[in-house]
Amino acid sequence: MTSVNYFEFFGLPVAFNIDEKLLKDKYYQNTRSYHPDHFGQEDSAKQAEMLEMSTLNNNAYKTLKDYYRRAHHILDLQGLVTEGDKHSLPPDFLMEMMDINEALMEFELNPDQTMIAGLQKQVEDLQTGINRQLTETGIKFDAANDTEKQTLLLKAKEIYHKRKYILRLIETLHTFATP
């Protein structure tokens, strides 16, 4: 679980969809406040503290400016994702992934560019659908009350894990598509 709430750091509400201009403004304001060059005359403890704050500012901005990293951060803040987390996915999704993986094994034995192109299209369509589901869930989360948010976070967690699975498939497909 993340120890630092980046939303809190920037004074923003925890939301999938944020005011990106406000985020950028707060980031630049912090950059000016924490930049280590402004503390060259201070003692080494103060310099180290400002370097740490500058790093935190950069990491927080990098995370919150990207929708998928932001979604991961929200789930992480709630203790819903951890490294090495073994989340169980719905059987129908797993069957579809198994079919794709079997097709990839078949491709290794019998390379067919038409087949790999079809698989790439299928996986890209899955990715588009998953991204849309996460966006829709994020919109609902941002407008929900606290009770509804818990249910939506669990849905977002499942979508997040499906997306990770699909991204691994895309990575695998890229290795086959590269001549």
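How many residues in the lining of the largest pocket are nonpolar, polar and charged? Two are nonpolar, four polar and five charged. Here Ala, Val, Leu, Ile, Met, Phe, Trp, Tyr, Cys and Pro count as nonpolar, Asp, Glu, Lys and Arg as charged, and the others, Gly among them, as polar.

Some ground rules. This is a predicted model: local features need pLDDT of at least 70, side-chain atom pairs count only at pLDDT 80 or more, and totals for chains, interfaces and linings use all residues. Numbering runs from 1 along each chain as its sequence is written, and side-chain values use heavy atoms, with hydrogens and water left out.

Back to the pocket. Its volume is about 200 Å³, the space filled by probe spheres set on grid points joined across faces, edges and corners. A pocket is an open set of points on a 1 Å grid over the protein atoms alone, where a 1.4 Å probe fits, with protein on both sides within 12 Å along at least five of seven lines; lining residues have an atom within 4 Å of a point. The lining includes Thr82, Glu83, His161 and Arg168.

Now the helices. These are DSSP runs (H or I, at least four residues), numbered from the N terminus.

Take helix α2, residues 20-34, and helix α3, residues 44-65. They pack at about 165°, axes 9 Å apart. Axes are lines fitted to C-alpha atoms over the stretch in contact, and angles run from 0 to 180 degrees between N-to-C directions. That makes α2 roughly antiparallel to α3 (over 145 degrees; under 35 is roughly parallel, 65 to 115 roughly perpendicular, the rest oblique). The crossing is left-handed: the near helix is turned anticlockwise from the far one by less than a right angle. Among the α2 residues that meet α3 are Leu23 and Tyr27; contact means heavy atoms within 4.5 Å. The contact has seven nonpolar, six polar and two charged residues.

Next, α3 and α4. Their angle is about 105°, with axes 5 Å apart. They are therefore roughly perpendicular. Lys62, Thr63, Leu64 and Lys65 in α3 meet Tyr67, Arg69, Arg70 and His73 in α4. That contact counts two nonpolar, two polar and four charged.

Last, α4 (residues 67-77) and α6 (residues 113-143). They pack at about 55°, axes 12 Å apart. So α4 is oblique to α6. This crossing is left-handed. The contact includes Tyr67 in α4 and Phe141 in α6. Six of its residues are nonpolar, three polar and none charged.

How values were computed. Helices (H or I, at least four residues) and strands (E, at least two) are DSSP runs, numbered from the N terminus.
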